[in-house]
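Here's a quick tour for anyone opening this one for the first time. Have the sequence and the 3D view side by side and follow along.

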Amino acid sequence: MPPVPNDVRPYPALDEVDRAILAELAADGRLPNNALAERVGVAPSTCLTRTRALRDRGAIRGFHAEVDPAALGLPLQALVSVRLTAHERAAVDAFRARSVRLPGVVSVFHVAGAEDYVLHVRAASGDALRDFVLDHLAVDPVVQHTQTSLIFEQARGMG
């Protein structure tokens, strides 16, 4: 079962080996189990059992390939800030549920401050990005305001 957004998951049983497994997988999610076991200093069978347990507990949310968006025909990226008109839980939850399913949405961030959400969006062109905002956000009755910032360059941090 995927973690619920407001589900605070304490991980009191994580020990040094579990944290080492998580750190290694965060750095390289394709690391084979044998190499992972060697790096964290445990037997491969132990490593596999612990990795599965971490996944089952939600500490590992998934594995993915980082693909160049241009290779998908979506070279333009933007951050679209969204301010909602209503802040009742039902309206906020409904917007979140809709927004994660919109075409081109990579991530949805519920943030503090003047804006309520920031959507990381990929698009084929400036026209496609404009159409996304007009067709999916501007027409949403709970959206009061949007502001779009183009991403010129993205660099992934170590954390």
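Let's start with Asp116, which touches Val82, Arg83, Leu84, His87, Phe109, His110 and Val111, leaving out residues up to four places away in sequence; contact here means heavy atoms within 4.5 Å. Keep in mind that this is a predicted model, where local features need pLDDT of at least 70, side-chain atom pairs count only at pLDDT 80 or more, and totals for chains, interfaces and linings use all residues. Residues are numbered from 1 along each chain as its sequence is written, and side-chain values use heavy atoms, with hydrogens and water left out.

**More on Asp116**

- You'll find Asp116 in the loop between strand 2 and strand 3; helices (H or I, at least four residues) and strands (E, at least two) are DSSP runs, numbered from the N terminus.
- Asp116 counts as buried because its relative accessibility is 10%; buried means under 20% relative accessible area, exposed over 50%, and partly exposed in between (1.4 Å probe, protein chains only).
- The Asp116 side chain reaches the backbone nitrogen of Leu84 at 2.6 Å.
- Thr85 is 31 residues from Asp116 in sequence, with 9.8 Å between their C-alpha atoms.

**How the strands pair**

- Strand 1 (residues 76–84) and strand 3 (residues 117–123) run antiparallel, joined by seven bridges; two strands pair if DSSP finds at least two bridges between them.
- Strand 1 also pairs with strand 4 (residues 143–151), in the antiparallel sense over eight bridges.
- Ser81 has Gln147 in strand 4 as its bridge partner.

**A look at Gln77**

- Gln77 sits in strand 1, and its bridge partner in strand 3 is Arg122.
- With a relative accessibility of 10%, Gln77 counts as buried.
- The side chains of Gln77 and His120 are joined by a polar contact of 2.6 Å; that term means a pair of N or O atoms within 3.5 Å, where, within protein, one must be able to donate a hydrogen and the other to accept it, and residues adjacent in sequence count only if both atoms are side-chain atoms.
- Leaving aside neighbours within four places in sequence, the contacts of Gln77 include Pro69, Leu150 and Gln154.

- Helix 4 (residues 89–99) has Ala91, Val92, Phe95 and Ser99 as its buried residues.
- Why are they on the same side of helix 4? They cover an arc of only 100° around the axis, taken from the directions from the helix axis to the C-beta atoms.
- The face turned away from the buried side carries the exposed residues Arg89 and Ala90.
- The buried residues of helix 4 pack against strand 1, strand 2 (105–110), strand 3, helix 5 (126–137) and strand 4.

**Cores and the aromatic pair**

- The largest nonpolar core has 20 residues, and Val82, Leu84, Phe95, Leu119, Phe132 and Leu137 touch the most other members; such a core is a set of buried Ala, Val, Leu, Ile, Met, Phe, Trp, Tyr and Cys residues joined through side-chain atoms within 4.5 Å.
- Apart from that core lies another, of ten residues, among them Leu36, Ala37, Val40 and Ile60.
- Phe95 and Tyr117 form a tilted aromatic pair, 5.0 Å centre to centre with 55° between the planes; rings of Phe, Tyr and Trp (its six-membered ring) pair if their centres lie within 6.5 Å, and planes under 30 degrees apart count as stacked, over 60 as edge-to-face and the rest as tilted.
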